[in-house]
Amino acid sequence: MSNPINVAGGLRTDAEAQEGPRNRAIFEANPSPWETKMENFPKYVRRQNLTRFLALYEIFKRTLQVKGSIVECGVNHGFGLMSWAKFSAILEPVNLTRRIYGFDTFEGFPGVSEKDRSASSMHVKEGDLRADVHDELSELIDVYDSTRFIGHVNKVNLIRGDATTTIPQFVEDNPHVLVSVLFMDFDLYEPTRVALEYLLPRMPKGAVLAFDELDNPLWPGETLAMLEAHSKRSLRIERVEFDPYIGFAVLD
């Protein structure tokens, strides 16, 4: 039987696990003002985190000319949500109709089904990956709006709760919504299945459907939901050449 994979840390080596604490010690020892240190953030951020930021940027660029909003399914601490928001503010400051919607419980997994079980994931449980950052993100969104062009027009929206309920309600309440990027990061089968069922029909040609855990032994449910949603046709699953995790398809 395969060894369990750490839910949050993945396959990090001991050296990689120590990289964060070592960088933190250096950061805290630096006498420069906090703002100066943040302006020089690449000094302290792990290579893997910069890799993810650049991978999201490459996906965003694919849909600059595609009509629709960005939907992130699984916000966690807000890395992706605020990356999409800032890419939009930088690259398309007058695109006032492109919203960023983030779905999350902000309380961890609401449940784990049998389709989420594998030899590597039997230890995954309800409440894992909890990130109670809803209020913090709301404040950060206010700061983001205060300095961007057309900041008086709402851009980023958080939808809190179990996605199997909130996504159908969201579609009912927002019949106008088109989706240019659907980024699947729920990790689990059931919310991924529901998201694909309700949001795929709203994606035009050229839109990007992206997954964070395809072909990942810790998260079989995401792959199963994708295969079920596309049982009648195969997707061309691409990857950004420098990132090993995210798989995406440009819809045709």
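**View 1. Phe87, a buried ring in a predicted model.** In this predicted model, Phe87 counts as buried because its relative accessibility is 4%, under the 20% cut-off. Tyr57 is partly exposed, with a relative accessible area of 26%. The structure holds 10 aromatic pairs. Tyr57 and Phe87 form an edge-to-face pair. Their centres are 5.6 Å apart, with 65° between the planes. This pair links distant parts of the chain. Tyr57 sits in helix α3 and Phe87 in helix α4 (residues 79-91), 30 residues apart.

**View 2. The edge-to-face pair of Phe103 and Phe170.** The two ring centres lie 5.3 Å apart, and the planes make an angle of 90°. Phe103 belongs to strand β2 (residues 100-104) and Phe170 to helix α6 (residues 163-173), so the pair ties together parts 67 residues apart in sequence. Phe103 is buried, at 0% relative accessible area. Phe170 is buried too, at 7%.

**View 3. An aromatic cluster.** Phe53, Tyr57, Phe60, Phe79, Trp84, Phe87 and Phe183 form one cluster. Phe53 lies in helix α3 (residues 47-62).

**View 4. A nonpolar surface patch.** Phe53, Leu54, Phe79 and Phe242 make this patch of about 340 Å². How exposed is Phe53? Phe53 counts as partly exposed because its relative accessibility is 33%, between the 20% and 50% cut-offs.

**View 5. A negative surface patch.** Asp135, Glu136, Glu139 and Asp142 form this patch. Asp135 is found in helix α5 (residues 134-147). Asp135 has 55% relative accessibility, so Asp135 counts as exposed.

How values were computed
Residues are numbered from 1 along each chain as its sequence is written. This is a predicted model: local features need pLDDT of at least 70, side-chain atom pairs count only at pLDDT 80 or more; totals for chains, interfaces and linings use all residues. Side-chain values use heavy atoms; hydrogens and water are left out. Patches are made of residues with over 30% relative accessible area and no salt bridge: like charges are joined within 9 Å, nonpolar side chains (Val, Leu, Ile, Met, Phe, Trp, Tyr) within 5 Å. Accessible areas come from the Shrake-Rupley method with a 1.4 Å probe; for residues, only the protein chains shown count as cover. A salt bridge is a side-chain nitrogen of Lys or Arg within 4 Å of a carboxyl oxygen of Asp or Glu. Lys and Arg count as positive and Asp and Glu as negative; His and the chain ends are not counted. The place of a charge is taken as NZ of Lys, CZ of Arg, CG of Asp or CD of Glu. Helices (H or I, at least four residues) and strands (E, at least two) are DSSP runs, numbered from the N terminus. Buried means under 20% relative accessible area, exposed over 50%, partly exposed in between (1.4 Å probe, protein chains only). Rings of Phe, Tyr and Trp (its six-membered ring) pair if their centres lie within 6.5 Å; planes under 30 degrees apart count as stacked, over 60 as edge-to-face and the rest as tilted.
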